[in-house]
Amino acid sequence: MVIPLRKIAEAVDGTLDGDGTTLITGAGALDGAKEGDIAYVDTLELLAEGERTAAAALIVPSEAPACSKPVIRTPQPRLAFAKLLALFAPEPRTSPGTHPSAVVGDALQMGDGASVGALAYLGNNVSLGDGVIVGPQACIGDDVCIGARTVVNARAVVHERTVIGEDCIIHSGAVLGADGFGFVPTEDGLHKVPQIGRVVVGNDVEIGANTTIDRGTVGETRIEDGAKIDNLVHIAHNCIIGRHVVICGQTGLSGSVRIEDGAVLGGQVGIRDNTVIGARARIGAQGGVISDVPAGAVYSGYPARPHNQQMRAYAALQRLPELVKRVRQLEKELERREGIENT
Amino acid sequence: MVIPLRKIAEAVDGTLDGDGTTLITGAGALDGAKEGDIAYVDTLELLAEGERTAAAALIVPSEAPACSKPVIRTPQPRLAFAKLLALFAPEPRTSPGTHPSAVVGDALQMGDGASVGALAYLGNNVSLGDGVIVGPQACIGDDVCIGARTVVNARAVVHERTVIGEDCIIHSGAVLGADGFGFVPTEDGLHKVPQIGRVVVGNDVEIGANTTIDRGTVGETRIEDGAKIDNLVHIAHNCIIGRHVVICGQTGLSGSVRIEDGAVLGGQVGIRDNTVIGARARIGAQGGVISDVPAGAVYSGYPARPHNQQMRAYAALQRLPELVKRVRQLEKELERREGIENT
Amino acid sequence: MVIPLRKIAEAVDGTLDGDGTTLITGAGALDGAKEGDIAYVDTLELLAEGERTAAAALIVPSEAPACSKPVIRTPQPRLAFAKLLALFAPEPRTSPGTHPSAVVGDALQMGDGASVGALAYLGNNVSLGDGVIVGPQACIGDDVCIGARTVVNARAVVHERTVIGEDCIIHSGAVLGADGFGFVPTEDGLHKVPQIGRVVVGNDVEIGANTTIDRGTVGETRIEDGAKIDNLVHIAHNCIIGRHVVICGQTGLSGSVRIEDGAVLGGQVGIRDNTVIGARARIGAQGGVISDVPAGAVYSGYPARPHNQQMRAYAALQRLPELVKRVRQLEKELERREGIENT
């Protein structure tokens with residue numbers, strides 16, 4: 001694909017500064033840009049590095065000084081870069097309709113332009129909105145409803161009665177709607193609590209590869225609009241994930257956890273059941289949360305506490321062996337003086 | 001589904017107190033019960049909250065006082081609730097026999113009422129007991145034997161020579177019997193140790209979505225009767241998981257770990273290879289176990305130690321920066337006095 | 001399978017000491033060897049234990065004394081054992097060619113002896129080298145290139161444009177080439193950064209069950225020759241995994257992490273984005289790395305630091321509650337003396 005720089009400037013709503021006929025053949029990271037690429041520079045400090053790359057052009061902050069390469073000026077270079085990547089993204093090669101090798105149950109409702117890939121399985125009473133893409137080998141259970149333009153990638157599983165909104169991406173291997181993990185101890189062992197609820201996903205949600213989201217025991221496990229969930233995340237029964245929440249890879253939520261709007265969970269975080277993470281709170285990677293976190297707070301560590309406090313504690317911990325020696329020294333010194341006074 | 005309260009009381013072996021003709025249309029959690037629902041109250045403290053819900057009836061502890069709603073009394077309300085959920089669980093819509101789109105190898109033995117779903121793959125010499133359900137797109141390797149009434153959900157993989165007992169549930173995306181992770185370092189890199197053992201699963205075992213259980217290097221990886229394993233758990237080669245063990249989400253066991261009967265591992269726990277967790281021991285979430293844990297003990301943290309001791313240490317850690325100051329203060333004070341004495 | 005001991009000695013390049021006609025019927029671990037098995041003893045300390053087993057023969061270190069069983073002497077018993085396991089490994093039952101139930105796109109190039117399993121899906125322009133095995137229900141996207149003798153197991157997903165070298169094993173449920181996790185915050189929520197790069201895997205690489213390796217945002221996520229990756233590992237966009245690196249189960253790498261040659265990451269390790277782990281460094285299980293680790297270093301804990309230092313700190317932490325008491329005691333003692341001096 002070859003795109004003149006002027007077209008890119010228009011597509012990203014930026015201001016062209018330099019030769020708009022420059023031909024751009026790809027997009028590159030700052031440390032790997034090749035000839036013909038366009039790269040972006042997020043801060044003025046990186047500008048010199050950007051100029052040294054082989055890139056044909058740069059996206060730079062609006063206030064950047066004059067540059068040796070043609071540039072596009074914009075207040076948010078990274079956002080502009082995200083927009084231009086869409087220009088270079090390979091077209092998905094799906095064609096509308098149901099692949100003949102797919103197995104489809106009764107009463108399928110299929111919107112305009114929707115497609116069902118090879119060897120996919122759809123149960124009964126499935127509803128797919130306009131432009132939905134069900135990838136090859138994906139599995140959609142009975143009574144599932146999927147909103148317009150959502151993509152369910154290869155080999156994802158969406159269990160019965162799940163509802164997914166519009167413009168979502170469900171990545172390969174994700175499992176939505178498996179049983180929650182609930183048992184009642186009895187004298188004969190663990191009695192299973194049947195899981196009869198469902199999973200409800202809002203609009204514009206992304207769910208990562210091999211992530212699992214269990215159905216509600218009763219009621220719903222709910223992922224609200226704009227939430228983004230990375231790979232290998234575990235979300236247990238009856239959790240509620242608020243709007244625009246970000247959950248990084250391998251994080252795990254126990255049952256009935258509530259993550260309020262705009263919160264961010266780092267990777268490998270664990271959250272105890274029935275805990276609430278307040279709006280816009282941030283939990284550092286590997287944090288273990290065992291009680292509610294206030295809105296806007298930044299917590300980390302195990303058990304999770306305010307991040308600054310935790311970092312001071314961990315730093316002090318490294319000096320602890322030496323502190324032990326100092327206390328021993330003090331004790332000896334006092335003993336010695338006691339001895340002197342007693343002589 | 002509509003069930004008179006009297007029928008539910010019978011099904012859960014409880015004592016009806018109130019109008020047995022009350023029609024129940026669903027089951028609800030205490031914080032989400034709707035009109036027509038039945039909910040449960042596990043302790044007397046929650047009784048008032050239960051009465052305030054819209055629920056049509058409640059399951060309450062035997063000794064609960066009179067209530068404004070019809071109730072079912074029982075010594076174990078949560079167990080009774082688990083039993084009644086089974087009444088409201090949607091019937092699985094499988095029909096006996098092999099779906100025509102499934103691919104089945106030679107010499108399949110299929111018990112009465114067993115079913116193989118759409119696009120499933122079965123290797124040669126597979127044996128399925130009475131009432132076994134193999135979900136759509138599941139993969140069952142050569143020489144696998146699955147006991148009566150076990151369910152292998154959509155897209156699970158059961159590799160060759162695995163043995164699964166009766167009444168188990170293998171959730172979507174689980175992989176049983178992939179190679180263990182073993183290599184011998186050599187001058188030319190890492191030489192693979194071929195993994196020629198198998199996985200053996202007992203009766204009444206549940207294995208979560210996208211969980212992986214590796215085969216033995218030689219011999220077996222064994223999951224014994226009644227063990228319950230959550231999603232995204234990793235169980236390495238030659239582990240032995242005892243009877244009624246509970247393993248929560250994202251926990252990982254290295255090679256040849258033994259978990260004895262009735263132990264409980266919280267979420268995201270990690271266990272070093274060749275370690276033994278004693279019977280009925282409990283490991284707190286995110287615990288990192290690097291040496292044997294005695295039967296009945298409660299351990300947490302990294303490296304895992306007795307939980308009470310660990311919690312005291314973590315609490316003291318938060319006061320450590322202040323302690324450092326206090327020790328500095330003591331040192332200064334002693335220096336000052338030394339100075340006074342020397343004047 | 002029955003193999004005379006002499007043949008095994010030849011296969012593993014060892015020195016036979018004892019009756020070479022002894023018939024070996026299997027291979028066993030030291031603690032589970034059965035009659036007819038051959039087992040191995042890695043150190044002289046374990047020799048007596050090896051002699052007590054039911055094994056018919058042992059593999060022992062070259063310098064081992066005379067033994068009551070026939071033995072094979074070798075400088076590296078575990079390596080010899082790995083080699084002989086290959087003799088007892090069941091033959092895979094694949095046959096060359098494409099199973100009629102597989103769905104294959106246009107312009108497939110298939111090497112000699114390559115096989116595509118039942119219900120597998122291959123996109124357009126796929127190239128499979130000689131002897132490649134694509135397992136049942138595996139999913140290979142458009143423009144994927146797979147080198148000779150590589151095995152893609154049942155139900156693995158290899159997304160479009162991925163390149164895999166020779167002699168690799170991709171285990172069941174692994175997902176190569178899903179989107180990286182990148183978003184730009186805006187006033188309207190999180191704007192997706194399109195992920196247009198790819199995954200490139202070298203030769204002799206093993207990738208575990210349900211592991212996910214995301215494609216580069218731009219450019220590549222790269223796994224170099226001889227790297228071994230366990231189950232449920234998460235490797236984010238643009239990571240570079242060096243030659244002969246070992247990554248144990250459930251470890252997670254954020255974006256653009258670089259692991260240099262020969263490094264070893266324990267299980268459940270987490271690594272911050274843009275971090276470099278130096279060549280041959282080792283990170284202990286559950287370690288949380290937030291800054292670069294030098295070549296050859298051994299780090300552990302969170303935040304990860306040199307392992308010895310960390311272990312001393314953790315040990316001291318257990319004595320911290322007592323240290324707090326000792327400091328309180330010192331303070332009291334000084335106050336008491338102050339009182340005495342002031343009287």
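The paragraphs below go through the sheets, the backbone geometry and the chain interfaces of this predicted model.

The sheet in chain A comes first. Nine strands of chain A form an open sheet with parallel pairing, in the order E10-E13-E16-E19-E24-E27-E30-E33-E36. Strand E10 (109-110) and strand E36 (276-277) of chain A stand at its edges, and each has a single partner strand, so one side of each is left without a neighbour in the sheet. Within this order, strand E19 (residues 163-164) of chain A pairs with strand E24 (residues 198-201) of chain A in the parallel sense, over two bridges. In that pairing Ile164(A) has Val201(A) in E24(A) as its bridge partner. Strands of a sheet pair through backbone hydrogen bonds, in either the parallel or the antiparallel sense.

Phi of Asp143(A) is near 60°, a positive value in a residue other than glycine.

Gly26(C) has Asp37(C) in E5(C) as its bridge partner.

In chain B, strand E4 (residues 26-27) and strand E5 (residues 37-40) pair in the parallel sense over two bridges. Here Ala27(B) stands opposite Ile38(B) in E5(B). E5(B) also pairs with strand E6 (residues 57-61) of chain B, in the parallel sense and over three bridges. Tyr40(B) stands opposite Ile59(B) in E6(B). How does the chain cross from E5(B) to E6(B)? The path goes through helix H2 (residues 47-52) of chain B, and this β-α-β crossover is right-handed.

Cis peptide bonds come next. In chain B, the bond from Tyr302(B) to Pro303(B) is cis, with omega near -15°. Pro303(B) has its place in the loop between strand E39 (298-300) and strand E40 (305-306) of chain B. In chain C, the bond from Tyr302(C) to Pro303(C) is cis, with omega near -15°. The loop that holds Pro303(C) runs between strand E39 (298-300) and strand E40 (305-306) of chain C.

The chains also meet one another. The size of an interface is often given as the accessible area lost when the parts come together. For chain C and chain B that area is about 5,000 Å², with 64% of it on carbon and sulfur atoms. The contact involves 62 residues of chain C and 74 residues of chain B. Between these chains there are two salt bridges. Glu206(C) forms a salt bridge with Lys192(B), where the closest N and O atoms are 2.9 Å apart. Across this interface of chain C and chain B, 24 residue pairs are in polar contact. On the side of chain C that touches chain B, the elements giving two or more residues are helix H3 (77-88), strand E28 (228-229), strand E31 (246-247), helix H4 (307-318) and helix H5 (320-342) of chain C. The largest share, 12 residues, comes from H5(C). By class, this side of chain C has 33 nonpolar, 17 polar and 12 charged residues.

The contact takes 62 residues from chain A and 74 residues from chain C, and the two chains bury about 5,000 Å² between them, 64% of it on carbon and sulfur atoms. Two salt bridges are found across the interface of chain A and chain C. Glu331(A) forms a salt bridge with Arg326(C), and the closest N and O atoms are 2.9 Å apart. Residue pairs in polar contact number 24 across the interface of chain A and chain C. Elements that give two or more residues to the side of chain A that touches chain C include helix H3 (77-88), helix H4 (307-318) and helix H5 (320-342) of chain A. H5(A) gives the most to this side, with 12 residues. The residues on this side of chain A divide into 33 nonpolar, 17 polar and 12 charged.

How values were computed: Residues are numbered from 1 along each chain as its sequence is written. Chains are lettered from A and ligands numbered from 1 in the order in which they are written. This is a predicted model: local features need pLDDT of at least 70, side-chain atom pairs count only at pLDDT 80 or more; totals for chains, interfaces and linings use all residues. Side-chain values use heavy atoms; hydrogens and water are left out. Contact means heavy atoms within 4.5 Å. Buried area is the accessible area (1.4 Å probe) that two parts lose on being put together, summed over both. A salt bridge is a side-chain nitrogen of Lys or Arg within 4 Å of a carboxyl oxygen of Asp or Glu. A polar contact is a pair of N or O atoms within 3.5 Å; within protein, one must be able to donate a hydrogen and the other to accept it, and residues adjacent in sequence count only if both atoms are side-chain atoms. Helices (H or I, at least four residues) and strands (E, at least two) are DSSP runs, numbered from the N terminus. Ala, Val, Leu, Ile, Met, Phe, Trp, Tyr, Cys and Pro count as nonpolar, Asp, Glu, Lys and Arg as charged, and the others, Gly among them, as polar. Two strands pair if DSSP finds at least two bridges between them. A crossover is right-handed if, with the strands pointing away from the viewer, the path from the first strand over the helix to the second runs clockwise.
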